[in-house]
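User: I would like to learn how to read packing and ring contacts in a model. Can we go through it step by step?

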Amino acid sequence: MINLLLPGVMEKLLNRAMIDKALSEIEVDNLYMIVNDKDELKYYDDLGTCYLREDVARGIFTDEQLELWEFIPLEDEVFEYMNPYVVEIINQQRRFEQRYDFQVSSAWESHYRIFMRNLLFWNSMLERKQITHVFFTRIPHEGYGSIIYHLCKMKNIPVMMAFASLIPNRDYPLTDYMTSDKAIREEYERLQEVYRDKSAEDIELEGNTKEEFAKWTSLDPDKMKPAYMKGNKLRQTFRARYGETNLIRVWRGILGKEYEKYGMGIGFLGASLARIPKLLSTVPATYKQWIYARPYWKETKEVNDFYEKVSELPKPGEKYIYFALHYQPEATSNPLGGGAYTDQIFPLQILCRSIPKDMHVYVKAHPAQLAFFGGISYYQDMLRMPQVRLMKMECSTYELIKNAFAVASLTGTACWESQFYGVSAILFGYSYKNASPLAYHVRTVKECRQAIQDIQEHKKTTTLKDLKLYTMAAHNLSYHVDERDRVFPELIVKLVKDSGE
C-alpha cells in the first residue's frame, strides 16, 4: 500500500501536470496534499484529500479532518522526541506574523496552540492514514512542515525534499538536511581521485555552473554578487511580505505587456486609458494594504537608522572575523542553523568566546532584513559583546571577506565565496558548504577554538583545482530549476520505489 503526502502543492512549483506524471509511473492508493493557494484547490480536489496551507499554518482543522472519535492522543514518546525542536518550530511559525493575506498572532500562547494543534493532527493523521511516503518541495521551514518532517523521522516514514545548491539556480535532492554534506563530500573525494593527475584547466564544467565558477574566480564583486542580491533588497523584501502598496506598480502589473512594449512613454499612457476602470477598482485594496503596511515600514526605517548610527567602518590593520548575518526568517537559518542556533546571537557568542584577545568580529546585517526578526534590541544585544563591531551597510561584503582572518555564518554564501580569496570559513549550521576545502563546521566553543587555531597554523589549504572539483561535485548532485517539471516526478517515483514499496 502506498499513501503519499505532498506538502507545498502549487501550480508554480509542484503542479498538477507533475503529479499526474508521477502517478502514471507508480500506483498510489491514497494521495494527500497541502495546497498553498485557495484558488488552486480546484486543480487537485479530484486527486485526493486536500488541506489548505493557510488553515494548516494557523492550526485550523475541521472536526471531520480531526476525526475526533478516532484520533490518536499525544503521549510521552512523541513529546520527548519533539522537545528539541519546539523553539525552532515556533520560530518558523512566526514567519506568518504580520502577513497581509493571512495573519498569525505574535502572542506566545497563540503559537503554542498552533504548534500543539498541528502536532496532534499530524501525529494522528500519519498513523490513521498510514502515510508511507512524504515529498517536500523545499526543506520544511514553516512550522507545520517541520512537525511533519520530524514525526516522519520518528516513525521511519521515508521523506525526500529539494533545496538550493551552492550553485545559483540549481537544486539538489536530499532526505536529511542535517547530513546533506555527506553526499557532496563523497562525490568530491571521488572526483579528486578521477582527476588526480589532471590540472584545473583539464576540468570542464557545464552550463550555468561554468558561468558561475567564472564569476567566482574573477574576484570581481559586480560579477560575484548573486542576482537575487541586486537592486533595493529592502524594498523588494518589504513588498513581497506586505503586498504591493504603490499604485503605479499596480498599474504596471495590470498593463503587463503594454508596459514592456511602451515603458513610461506616450504609448504607455494611451494603452492605459482602456484599462482605467480596472485600475480604479484596485485603488481601495492598494490603499488598504498601504495603511496596513505603513507602520511596519516606519519601524523598519527606525531600525535601519539605528543600525547606521551605531555601525562603523573597518579599522585599518585590525584583525577580525567577518560574521555575515542571514536574512530571517528563511530556511537557510531555520532549520539549517540547527536548533537554538537559528538565533544568530548564540553562534556569535560562541565565536566571540573563541577568538584571541587581539581579534574582533565584524558583523554586517543582511541588506534585506526588515524590523521583523531584526529589531533595535537585537543589534543592542550584539553590541554588548565587546568583540563585536557592526559594519555599515555601505561596506563591501567582498572587501570585508578579502581582508578577514576568516568568514563565519550559519550557512551563508559568504562562506563559499571567501574560499576563492583563500579565506577560511567557519560554519555553525548544516550546509553543502560544510565539506568544502577551507570550511570548518563547528557547534561548540571547543570546536570553534580548534578551527581558529587550525586557520592560524594554515592546516587547510586549497587550490583552484580543489574549488573547481567541489563545484563539479555540487553540479553532479543537482539539477537546474528549469528542469523541475521533469525532476520532481522522478524524485517522487524514486522515493516510492527506493523504499521497496
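Predicted model: local features only at pLDDT ≥ 70, side-chain atom pairs only at ≥ 80, totals over all residues.

User: Is Gln92 buried or exposed?

Analyst: Look at the relative accessible area. For Gln92 that value is 2%, so the residue is buried.

User: How many residues are in the largest nonpolar core, and which have the most contacts inside it?

Analyst: The general idea first. Nonpolar side chains tend to be buried together in soluble globular proteins. Here the largest nonpolar core has 65 residues, and Trp122, Val134 and Leu151 have the most contacts inside it. Helix α6, residues 108–128, gives the most to this core, with eight residues. Another core, of 36 residues, lies apart from it; Val303, Leu348, Leu390 and Cys448 are among its members.

User: Leaving aside its neighbours within four places in sequence, what is Val134 in contact with?

Analyst: The partners of Val134 include Leu4, Leu5 and Pro7. Ile148, Cys152 and Leu495 are also among them.

User: Where is Ala451 found?

Analyst: Ala451 is in helix α20, residues 445–456. Its relative accessibility is 2%, so Ala451 counts as buried. With neighbours within four places in sequence left out, Ala451 is in contact with Tyr440 and Val442.

User: On to rings. How many aromatic pairs does the count come to?

Analyst: The count is 27 aromatic pairs. Tyr81 and Tyr85 form a tilted pair, 6.3 Å centre to centre, with 50 degrees between the planes. Tyr81 is partly exposed, at 29% relative accessible area. Trp216 and Phe420 are also a tilted pair, at 5.6 Å centre to centre and 35 degrees between the planes.

User: Which parts of the chain does the pair of Trp216 and Phe420 link?

Analyst: Distant ones, 204 residues apart. Trp216 lies in helix α9, and Phe420 in the loop between α19 and β11. Trp216 is buried, at 4% relative accessible area. Phe420 is buried too, at 11%.

User: Which ring does the charged end of Lys460 sit over?

Analyst: That of Tyr440, 4.1 Å from the ring centre. The charged end of Lys42 sits over the ring of Tyr43, 4.9 Å from its centre.

Key. Residues numbered from 1 in each chain as written. Heavy atoms only, no water. Buried < 20%, exposed > 50% of the residue type's maximum accessible area, 1.4 Å probe, protein only. Core = buried A, V, L, I, M, F, W, Y, C linked by side-chain atoms within 4.5 Å. Helix = DSSP H or I, 4+ residues; strand = E, 2+ residues; numbered from the N terminus. Contact = heavy atoms within 4.5 Å. Phe/Tyr/Trp six-rings, centres within 6.5 Å; stacked < 30°, edge-to-face > 60°. Lys NZ or Arg CZ within 6 Å of the ring centre and 35° of its normal.
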